Each structure stands twice: as C-alpha cells, then as structure tokens.
Amino acid sequence: MADTRDFALRRLHSLLGVIPIGLYLIQHLTVNHFATRGRESFDAAAHFMETLPYRYFLEIFVIFLPIIFHAVFGLYITFQARNNVSRYGYFRNWMFLLQRVTGIITLIFISWHVWETRVQAAFGAKVNFTMMEEILDNPFMIGFYVVGVLSTIFHFSNGLWSFLVTWGIVQSPRSQRIATFVTIGIFFAVSIVGMRAIFAFVNPEWFAFATNLPIL
Amino acid sequence: MAEENKVIQFIIKRQDDPDSAAYDEKFEIPYRPNMNVISALMEIRRNPVNSKGEATTPVAWEMNCLEEVCGACSMLINGKPRQSCTALVDQLEQPIRLEPMATFPVVRDLQVDRSRMFDALKKVKAWIPIDGTYDLGPGPRMPESKRQWAYELSKCMTCGVCLEACPNVNDNSDFIGPAALSQVRLFNAHPTGEMNKAERLTSLMGDGGLASCGNSQNCVQSCPKGIPLTTSIAALNRDTSLQSFRNFFGSDAQ
Ligand code: HEM
Ligand code: SF4
Ligand code: FES
C-alpha cells in the first residue's frame, strides 16, 4: 500500500485551519467585541476567559500547538508554489496567491500580537482594556492591527472555501460558486466585528455614539 | 499586390539539446491566408533562414493529428500554453512568440518530454485490468447518464497544458498534476474499473498526490478539451476522505 502520511498531514492541516483555529478566531473576535460596550464589559469578558478551568491545557492544545503546526506546514506549502497570476489572472488563482500572502502576514501579525499580550501576561502584565488602549495609541500600530486582523479574517474566510473543496463537500461548479459568495459574506461580516473592536479601543467615546447600530 | 510582401514575424525560443542554453531566434516568413502555427513552422523547416537572412537549423517541434486530439503539439504561444495546430496566425498578435512549455524537460527547441504524465497514468493505474487466462464475459453495464459525463473525462489527450498552468506543478513540488487525477475519476466511474477503485484512490494518497492540489483552478480554465478537472478533483477529495476512513477503521483494507 502507498505511503499515505502526506495525505494525512495535509488533511490535518486543513482540518486544524477550521477546527480549532478558525473557531478560536471567531471566539476571540467575539470577546474583543465586548470592547464596543465599554471598558468594564471588555475587562469582564477577558477576565472570564482568563479564569476558565484547565486554562493552560486549553491554550496549549486548542490554540498554540494547532497554530504552530498549521503555520509551519503552511509555510512549507506556500514555498512549494510558483505563483503565476501575471500569466493566468483568474479569480481563483488570485485567491490562491492571496491565501499564501495572507498566511505569511497573519503569521507575522500573530507572533507580534502574542508577544505583546499573552507573553507579557506571563511576565505579569494585566490583559485588559488599558493594555489594548496603550498598544493602539499610535497610527502605525493601528495600521498594523487593521492589516493583521483583516489578513487573518481573509485567510480564514477563503480558507473555509478551500476547506469545503478539500474535503469534497462542494464539488459541482455551481456549489463552489455559491460557496465563494457565502465565504465573501463571512469575510465582510467577521471583518465588521474585528474592526469595531479595534476602533473601540482606539476611541471609545466617539465610538460609543457613532457606530452603535441597533443590530450590532 | 500588397498581399505578396506581407510577412509573419516569429520569435522562437530555441535550445539545441537538453543540456545547452536556450536562445531566441527571429524569423520572418511570407504570409498566406489561413495559416496555423504549424504551417508556419513547416515553412521555416522548408527554408531555414532567420530574419537576418542567415542560414540556420530548422526548428524542431512535435505534431501528430493536426486536429487537437493527440496533444503532441502543445507549446507556449504568446505566453499561453495551447496546441499549435489549432493556433491560427490571423488571430495572434505579432511578433508571435513560441516557447517550449516550462514544466517539462526540453528535448530540442519546442519539443518537450512529457514522460512524467505517462508515468503518472501508470502510477494511478489509469486503465481497466481485464486481461486474464479466460474470457471474463461482458461485465456490468454503465448507466447512460454516467456515460455522458465520463465521456467528457475520456477526452484528455495528455497535452500537458493543465500541468503548465498549475502553480503547484514545478521543481519544488512533486505534485502529479490535474490530468492523471481526473483519469482516476474516469476509470473509477467505469463499472468494471470500479473493482480497482480502492487501489487507485490509495495511490492518489501518496506523496505528491491529490492533496498537493491547492485549488488555484487554473487547470479547468486552461484545458483545451473543457474537461471539468476541478469537479473531478473535488469528487476525488470526497472519495479519498471516505477511503482513508475505510483504510483506517474498516476491515476490508489490504
Ligand atoms: C488565525 C490563523 C489561521 C487560520 C484561522 C487559518 C485557517 C486556514 C484554513 C481554514 C485553511 C483552509 C484549509 C484547506 O485548504 O483545506 C487554511 C489554509 C492555509 N493556511 Fe492557514 N490559517 C491560519 C494561519 C496560517 C498561517 C500562520 C500560515 C502560515 C504561513 C497559514 C498558511 C496556510 C496555507 C498555505 C494554506 C493553504 C493550504 C492549501 O491550499 O493546501 N495559515 N488556513
Ligand atoms: S486534462 Fe486537458 S489540459 Fe490536461 S492534459 Fe488532458 S487535455 Fe490537456
Ligand atoms: S497535432 Fe495533435 S493536437 Fe496538435
């Protein structure tokens, strides 16, 4: 029988992108979104996450190990491609390129973000609204966070499409096209959540009255 | 008449043998109506003189059917991989640039060695084993609805265009490429071929197999035969998912 280890590793990479990393991303952005309801709400939500039982176990097995595996294997996959959008400028070929570019941007962003928050917490810093306010107190960092968060959300949304194909869930051209529209919708919806959280830290007062649409 | 002086300009990427360096050579050949790229190459062969008027060696290329069914004459024409027998000069921007496909080793000039595609077909067992020591009989029938889509897959002429267009087929990767994958779907669809389905699927789960596809979908956009390559790939993705469960949890795996 052929050696099927490569197949298993690639399917593991694909699965981890959604479960647990993708789910964690949604969960994380949702907790951040409490910042739009004010300082106390965010601090309470962050505190709740910090006091979950078996926190270290969850962090290691649901967050760090899956992301490290997905990122290392993702880099290997990224550098196997010889991108050719200049010759074949089709939509899906662009998405293929952007999936790899956003993977690398996301890796840089996540590494810095974990260093500034979780690693500092291990050294005794308190993760709360004030911490994020201080991180986002200059235009460069706001830009870095906006690009990093959008890149991560793009990578997740387009990755969801790719996941549906990789597991053979959407096969026909029609179902693949509909999946494209649905994942574009997911990209915009999750982006609104992510951007609202960032700008709630940047300017809480202005934020409170300017963007509180009834449905959010 | 002005017609008589009209010329067609070509820039051809040439290479004398598999190991020597490539170089460009320009040609100008007299215009005739309704020429295709192959008739222009034949003209160069008849009178091998480049645009500077120097005698040169004739340009080597491959061809066979001259009607886009054999796949032998594929090359890059103005940057696009396609068959030179159906590339009409009147529809091409000049100077017409001809290059060998970059995915395959060059034998000489525009002629490449597509052995890797034939090896890939052997690797995935893209045939139906019916030879034996006695007559096996007619075998089960195929439903007409299935025959119709399977027929589309059978049009593959191993031309190499889909491999050339794929960003994951290159020197850094051992990806088998879209053509052989789709052939697995074809032979698994056949009622007799289906008896070896598990074997073919398992062969796709090896290094450089199905999972090396990154869904850029250039193949389906480029295939001259309009083969639904990405539908085949997604269908095989489902089949291999199920096969891997069967291999691991089931009791009938070899
Ligand atoms: C929040 C972090 C991340 C999430 C939520 C995420 C999610 C995903 C998902 C859902 C997929 C689709 C899987 C599939 O094609 O079946 C994917 C693919 C991919 N990811 Fe990530 N990912 C993350 C971080 C990274 C990082 C840091 C890298 C490293 C550069 C990376 C590189 C890749 C690559 C190259 C693919 C394409 C795989 C392929 O086409 O075969 N990802 N990701
Ligand atoms: S699938 Fe299409 S592009 Fe690929 S080798 Fe066959 S005929 Fe050529
Ligand atoms: S000569 Fe057969 S496809 Fe062109």
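Modeller: The iron atom of ligand 1 is coordinated by A:His70 and A:His155, each through NE2, at 2.0 Å; donors are N, O and S atoms within 2.8 Å of the metal (3.2 Å for Na, K and Ca), and sites may look incomplete because water is not among the atoms. This is a predicted model, in which local features need pLDDT of at least 70 and side-chain atom pairs count only at pLDDT 80 or more, while totals for chains, interfaces and linings use all residues. Residues are numbered from 1 along each chain as its sequence is written, chains are lettered from A and ligands numbered from 1 in the order in which they are written, and side-chain values use heavy atoms, with hydrogens and water left out.

The two histidines link distant parts of the chain: A:His70 lies in helix 4 of chain A and A:His155 in helix 7 (residues 139–166) of chain A, 85 residues apart. Helices here are DSSP runs (H or I, at least four residues), numbered from the N terminus.

The site of the iron atom has 6 donor atoms, with angles of 86 to 178° among them, and is octahedral (six donors with opposite ones over 155 degrees apart and all others between 65 and 115). Ideal angles for six octahedral donors are 90 or 180 degrees.

A:His70 counts as buried because its relative accessibility is 18%, the limit being under 20% relative accessible area with a 1.4 Å probe and protein chains only. A:His155 likewise counts as buried, at 19%.

Methods. Tetrahedral: all angles 85-135°; square planar, octahedral: opposite > 155°, others 65-115°. Buried < 20%, exposed > 50% of the residue type's maximum accessible area, 1.4 Å probe, protein only.
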